[in-house]
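Subject: Handing over a structure

Dear colleague,

Here is the structure I promised to pass on to you, and below it I have set out what was found in it. Please read the notes with the structure open beside them.

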Amino acid sequence: MDTLKAIFFSLFILITGCGNMKSLPKVSHIHSMCITPYKNSKFKTCQSHVVLINDKPVIIPQGFTTDLASIPRILWPIVSPLRSSTVTPSILHDWLYYNPDGRSRQIVDDIYYASLLANGLSKGSAYRYYAAVRLFGWRYFNKKGNK
């Protein structure tokens, strides 16, 4: 497993660089996220959720559909989408990928990393999730049609 992690991170650094981890946004979740199973391994938010990003509110509406994290199953042993401390940050990330509101993909991914840290994940674990979205997220960024 350690060899696989080393290969994964080496590949990540070669392909994407490391991002700007010095100036992370401040992310605060106002309350817990509530989700209910929907269909096809997806979930819906059962209430709206407010997140403060640099003290500006972002509202994830009730009924937003998410898969929590679009992580290929082969990577689940390293970065599982079902880890309780990643659920709320993953929903925020999905919302911002569908509705970037002028933010670049890099900024949205940095918000995800900051949100993971704010939700109690260690820097190492948060960085693994960040690496996954930097490597594979380009296919999903700003795709409309939340279903």
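Please keep in mind here and throughout that the model is a predicted one. Thr-45 itself lies in strand β3, which covers residues 43-45, and with a relative accessible area of 3% Thr-45 is buried. If its neighbours within four places in sequence are left aside, the residues in contact with Thr-45 include Met-33, Cys-34 and Ile-35, then Ile-60, Pro-61, Gln-62, Gly-63 and Phe-64, and also Ile-91.

Stepping back to the chain as a whole, you will find four helices and six strands, and the elements, read from the N terminus on, follow the order α-β-β-β-β-β-β-α-α-α. The chain has 147 residues, of which 40% count as buried. Where contacts are made between residues at least 6 apart in sequence, 60% of them join residues that are at least 24 apart.

Turning to the strands, there is an open sheet of three strands, in the order β1-β4-β5, and the pairing in it is antiparallel. Its edges are formed by β1 and β5 (56-60), and because each of these has a single partner strand, one side of each is left without a neighbour in the sheet. From one strand to the next, the twist averages 25°. Between β4 and β5, which run antiparallel, there are five bridges, and Val-51 has Val-58 in β5 as its bridge partner. Two helices also pack on this sheet: α2 touches β1, β4 and β5, with its direction at about 90° to that of β5, while α3 touches β1 and β4, with its direction at about 55° to that of β1.

Helix α3 deserves a paragraph to itself. After α3 comes Gly-120, which has a positive phi, near 100°.

The last topic is the charged pairs. How many salt bridges does a search of the whole structure find? It finds three. One of these is formed by the side chains of Asp-55 and Lys-26, at 3.4 Å from N to O, and this pair links distant parts of the chain, with Asp-55 in the loop between β4 and β5 and Lys-26 in the loop between α1 (2-16) and β1, 29 residues apart. Asp-55 counts as exposed, at 54% relative accessibility, whereas Lys-26, with a relative accessible area of 48%, is partly exposed.

A further salt bridge is formed by Arg-105 with Asp-109, where the closest N and O atoms are 3.7 Å apart; both residues lie in helix α3, four residues apart, which is about one turn of the helix. Arg-105 is buried, with a relative accessible area of 16%, and Asp-109 counts as buried as well, at 0% relative accessibility. Asp-109 also forms a salt bridge with Arg-134, the closest N and O atoms being 2.6 Å apart. Because Arg-134 lies in helix α4 and Asp-109 in helix α3, this pair ties together parts that are 25 residues apart in sequence. Arg-134, too, counts as buried, at 11% relative accessibility, and through salt bridges that share partners, Arg-105, Asp-109 and Arg-134 are joined into one network.

Conventions
Residues are numbered from 1 along each chain as its sequence is written. This is a predicted model: local features need pLDDT of at least 70, side-chain atom pairs count only at pLDDT 80 or more; totals for chains, interfaces and linings use all residues. Side-chain values use heavy atoms; hydrogens and water are left out. Two strands pair if DSSP finds at least two bridges between them. Axes are lines fitted to C-alpha atoms, for helices over the stretch in contact, and angles run from 0 to 180 degrees between N-to-C directions. Contact means heavy atoms within 4.5 Å. Buried means under 20% relative accessible area, exposed over 50%, partly exposed in between (1.4 Å probe, protein chains only). A salt bridge is a side-chain nitrogen of Lys or Arg within 4 Å of a carboxyl oxygen of Asp or Glu.
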